[in-house]
Amino acid sequence: MPAESPVISGRDIIKTYGKGDGQFTALRGVSLDVKAGESIAIIGKSGSGKSTLMHLLALLDKPSTGTVSIDGQDAGRLPGRTLNTLRNKKFGFVFQQFFLNGGASVLENVILPLKIAGVHGRERRRRGLEALRQVELEDKAKNKAKDLSGGQKQRAVIARALINEPQIIFADEPTGNLDSATGAHIENLLFNLNKRHGITLIIVTHDEDLARRCDRQLHIKDGVIDVAPRPRRGVRL
Amino acid sequence: MRLIDIFTTASGNMFRSKLRTTLTIVAIFIGSFTLTLTSGLGTGISSYIDKQVGNLGGKDVLIVQPIGQGPGSDSGPKAYDPAKKTSATAFGTTTTALTDSDITKIKSVSGIRSVEPNFVVVTDYIVGPNGKKYQVSANPYVSGTKVELATGDQVSNDVSERQALLPVDYVPALGFANNEAVVGKSVTLGVTDGNGKQHQITAALKGVQQKGLTNSGGMNTNEALTQEIYRTQSLGLPKAVTNNYQALLAKFDANASPGQITHLKDELKKKGYAAKTIEDQIGTFKAVISGIIAVLNAFAVIALLAASFGIINTLLMSVQERTKEIGLMKAMGMGGGRIFLLFSTEAVLLGFWGSLIGVGVAEVVGRVANHIVTTTFLKDLPGLQLLTFPPISILAIMGLVMGIALLAGTLPATRAARQSPIDSLRYE
């Protein structure tokens, strides 16, 4: 159930890249609140600024002007070390490309966030197998990541995003590289996490069908939130 | 990320591209192998020289000659002075001779305990049990000298018995069964006096001396024997010639500090004498050897520097290849410092393996080379370890190589640490 106060809120976010003539403004003043436990789709065409917005919300980048707050705290005022810890503890990431280390075992790949967090070996292994069980990939734990199929790879990635028991999972085109059947399976997995574990879901996509399954859709067009998109079903504003 | 995880991750990453890593390690291996060999050679030769200096004589002896004489003097040719006496030396050059009055003068210098003449004695032949005569030269023994012995004891200058050490190659020639059979036996030496008449002197053999750089030929004779030979060869010579010495040996306190020794030398210089310790005399030789070793070491270090560019190259390629992975780790909260540490560790590990294999192989090769060299063309120099590898210098070499590797890793590691997670993740 969505809570009262937002976990992430953006205020008047402007993001420009480059300087002088080459300057390019990706976001031109975006404000939004993400409540705990909700699922949000950020949709837009390629180059609309949707990925930039996700990067800013995920604290991977800083806005040129405006603020991003996590649990009411202005992230711009937090030191880099705190931001790293925040991302490590609270966020999970699923990317269109899997970013798995093909030569290492599936388990090794999945426990990477715990390794970064400094969790001990035995604990890492236990939680890694637990996360793999949630995505039904336990039997592949010892296989090399490169030997997995596309769907299995994305499940491994989701296990990796899950392992630190995050509050928020950021998913950038999570089904973009998958066929529709496998894609549907991955979608179910993500929405199950959202429903059963209350993990907030922020999905960047250009897939309208995937977006429709989310609680809320944010259409980004030319760097701003498009307030009058075409009609959609299941909208809750 | 904990340090142990950084270490294991770096170790694992190193062998992701096996061929590239192996080639880099080979480059480091060549450098550290060469450095180990050259420094082993340096240590081996200088410790051998040190041993030989021990052979030459006590550390408490100054060789005193008139200023401007002797090996290593730097004052150029001396003008002839008819008032000064000259004597022939073993080297065949003409020098100003020292006399008994010089002995008295040198004795008066405070700090000098005793002064002995350095007799130049000439023997014609030596004859042993089988009656065959062989040429031999005599070396007056200096008290405190540790002549390398095959068997027996050093001779003593404090006894009236005439003693000598037999060079090892005279053992079979004179008809002795073996080295042990020599000790306690005696030989006869032939000496010609000033009138051309030959005399025979008997000497007791205390031991058998090994060959070395500094005692290659002559048999060591104790003071009693030396003086007897000197007395015999001086028979019939005018008195003015007999008590002339090429050099005097002045003894001082064995515990004297280098400063005190310098002071002694200065005092003697004021009185018109040049004084050198035995170490001074061998110093030039050592300096040349050290110079050669330094140049060889420099070449090895150049090889290592070349290898360090291999490290830079390898790691830069790794950083390039792992751009996305670095981005992912940063997105997952790994700090730049840890990323830097990860790649630095990988560099140091490359250095570690390269240097470990390098010093290991060098040590094996060194032992084999030592064995070959000391049993073939250098077998006449017993006690020579051409290549010596003290653990401390092995550790120093490994430390140096890993240090160079660490420095080489700085550039790629910095590049990795500075990558922005987004750019890295977008990187195609």
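Which residues in helix 6 of chain A meet which residues in helix 7 of chain A? The legends below take up this contact and others in a predicted model.

**View 1. Contact of helix 6 with helix 7 in chain A.** From helix 6 of chain A, the residues Gly151(A), Gln154(A), Arg155(A), Ile158(A) and Leu162(A) take part, and they meet Thr182(A), His185(A), Ile186(A), Leu189(A), Leu190(A) and Leu193(A) of helix 7 of chain A. Sorted by class, this contact has six nonpolar, four polar and one charged residues.

**View 2. Packing geometry of helix 6 and helix 7 in chain A.** Helix 6, which spans residues 150-162 of chain A, packs with helix 7 of chain A at an angle of about 15°, and the two axes are 10 Å apart. Because angles under 35 degrees count as roughly parallel, helix 6 of chain A is roughly parallel to helix 7 of chain A. The crossing of these two helices of chain A is right-handed.

**View 3. Confidence in chain A.** The average pLDDT of chain A is 88, with 94% of the residues scoring at least 70. Among the elements of this chain, helix 3 of chain A (residues 106-110) has the highest mean pLDDT, 94, whereas the lowest, 88, belongs to helix 7 of chain A (residues 180-197).

**View 4. Helix 8 and helix 11 of chain B.** The axes of helix 8 (residues 278-321) and helix 11 (residues 391-418) of chain B come within 9 Å of each other and cross at roughly 30°, which means that helix 8 of chain B is roughly parallel to helix 11 of chain B. The crossing of this pair in chain B is right-handed. Helix 8 of chain B contributes Leu304(B), Ser308(B), Ile311(B), Ile312(B), Leu315(B), Leu316(B) and Val319(B), and these meet residues of helix 11 of chain B including Leu400(B), Ile404(B), Ala408(B), Gly409(B), Pro412(B) and Arg415(B). By class, the contact between helix 8 and helix 11 of chain B has 14 nonpolar, two polar and one charged residues.

**View 5. Domains of chain B.** Chain B is divided into domain 1, made up of 3-53 + 285-426, and domain 2, made up of 121-238. The centres of domain 1 and domain 2 of chain B, taken over C-alpha atoms, are separated by 54 Å.

**View 6. Residues 88-94 of chain B.** Chain B has a mean pLDDT of 83, and 88% of its residues reach 70 or more. Over residues 88-94 of chain B, however, the pLDDT is below 50, and this stretch has nine contacts in the model beyond near neighbours in sequence. Where pLDDT is low, predicted coordinates should not be read in detail.

Terms used:
Residues numbered from 1 in each chain as written. Chains lettered and ligands numbered in written order. Predicted model: local features only at pLDDT ≥ 70, side-chain atom pairs only at ≥ 80, totals over all residues. Heavy atoms only, no water. Axes fitted to C-alpha atoms, helices over the stretch in contact; angles between N-to-C directions. Helix = DSSP H or I, 4+ residues; strand = E, 2+ residues; numbered from the N terminus. Parallel < 35°, antiparallel > 145°, perpendicular 65-115°, else oblique. Left-handed = near helix turned anticlockwise from the far one by under 90°. Contact = heavy atoms within 4.5 Å. Nonpolar A, V, L, I, M, F, W, Y, C, P; charged D, E, K, R; others polar. pLDDT = per-residue confidence, 0-100. Domains from an automatic or database assignment.
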